[in-house]
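Welcome, and please open your viewer. We will take this step by step, selecting a few residues at a time.

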Amino acid sequence: MSNRSEQESPEHLSSAPAPNSAAPEQAVRVPELPWRVPLDPAPWWAWALFVTPFIAVPALNSWLWMGARDMLAVGLLTIIGASVVRVAGGVVLYRVMLTPTALKARTSMLIRSVAWQDVDRIEVGDDNVVLIRGQDENEINGIPKDRTAYVAAVIQSLHAEAANHPTRRHRPRPGIGTLLVLTYLTLSVGAFLIRWHIV
């Protein structure tokens, strides 16, 4: 569940932090829910990588001469650009929300949800918090270092409060990134088809 990397249930077991965890033992004041986890803003290069393929690839595809090698070039440019949009979108569109029942993360393509009861333990790093369930790790990256301990404490509190409540699970669903990638594919292929009057 990370942004700057993407990852995405038996019953609740325990919330024992790892030895290097900074999770506080005393109760913390939980902000009004749903609460958006504070994250570092996306860097300029991520925005540039995200936007550039929407302009550059359709322009190049409309310029290529129609031929067997040009068709291959169009395909390769479109695939490479779609990969860039997906990866850069994972940084630009990344958002994490905390609710009373679950943690919800929006990455480049999907909106994922992890019920608090599905979290076995919580580990805290310098700028990240990791929610672990069995072999699965859902990492929240990009938290400002001065806010990491507070975010971890809020998560610990919500995790503890949800222990005796019914579990509500949600399937991953498409996010805005999916729509943007489809838009990119339409522009990239459509520019070539229209340029050569194929459609």
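Start by selecting Thr78, which sits in helix α2. Keep in mind as you look around that this is a predicted model.

Is Thr78 buried or exposed? Its relative accessibility is 6%, below the 20% cut-off, so Thr78 counts as buried. Now show what surrounds it: leaving aside residues up to four places away in sequence, Thr78 touches Val57, Asn61, Tyr184, Leu185, Ser188 and Val189.

Next, select helix α1 (residues 44-63) together with helix α2 (residues 68-92). Their axes come within 8 Å and cross at roughly 160°. α1 and α2 are therefore roughly antiparallel to each other, and their crossing is left-handed.

Display the side chains where the two helices meet. On the α1 side you will find Trp47, Phe50, Phe54, Val57 and Asn61, among others; on the α2 side, the residues include Val74, Leu77, Thr78, Val85 and Val92. The residues of this contact divide into 15 nonpolar, four polar and no charged.

Now move on to the largest nonpolar core, which has 22 residues. Which residues have the most contacts inside it? Select Leu98, Trp116, Leu131, Ile140 and Ile155 to see them. Colour β2 (95-98), β3 (102-106), β5 (121-124), β6 (129-133) and α3 (148-161): each supplies at least two residues of this core. The largest share, five residues, comes from α3.

Note on methods. Residues are numbered from 1 along each chain as its sequence is written. This is a predicted model: local features need pLDDT of at least 70, side-chain atom pairs count only at pLDDT 80 or more; totals for chains, interfaces and linings use all residues. Side-chain values use heavy atoms; hydrogens and water are left out. Axes are lines fitted to C-alpha atoms, for helices over the stretch in contact, and angles run from 0 to 180 degrees between N-to-C directions. Helices (H or I, at least four residues) and strands (E, at least two) are DSSP runs, numbered from the N terminus. Angles under 35 degrees count as roughly parallel, over 145 as roughly antiparallel, 65 to 115 as roughly perpendicular and the rest as oblique. A crossing is left-handed if the near helix is turned anticlockwise from the far one by less than a right angle, and right-handed if clockwise. Contact means heavy atoms within 4.5 Å. Ala, Val, Leu, Ile, Met, Phe, Trp, Tyr, Cys and Pro count as nonpolar, Asp, Glu, Lys and Arg as charged, and the others, Gly among them, as polar. A nonpolar core is a set of buried Ala, Val, Leu, Ile, Met, Phe, Trp, Tyr and Cys residues joined through side-chain atoms within 4.5 Å. Buried means under 20% relative accessible area, exposed over 50%, partly exposed in between (1.4 Å probe, protein chains only).
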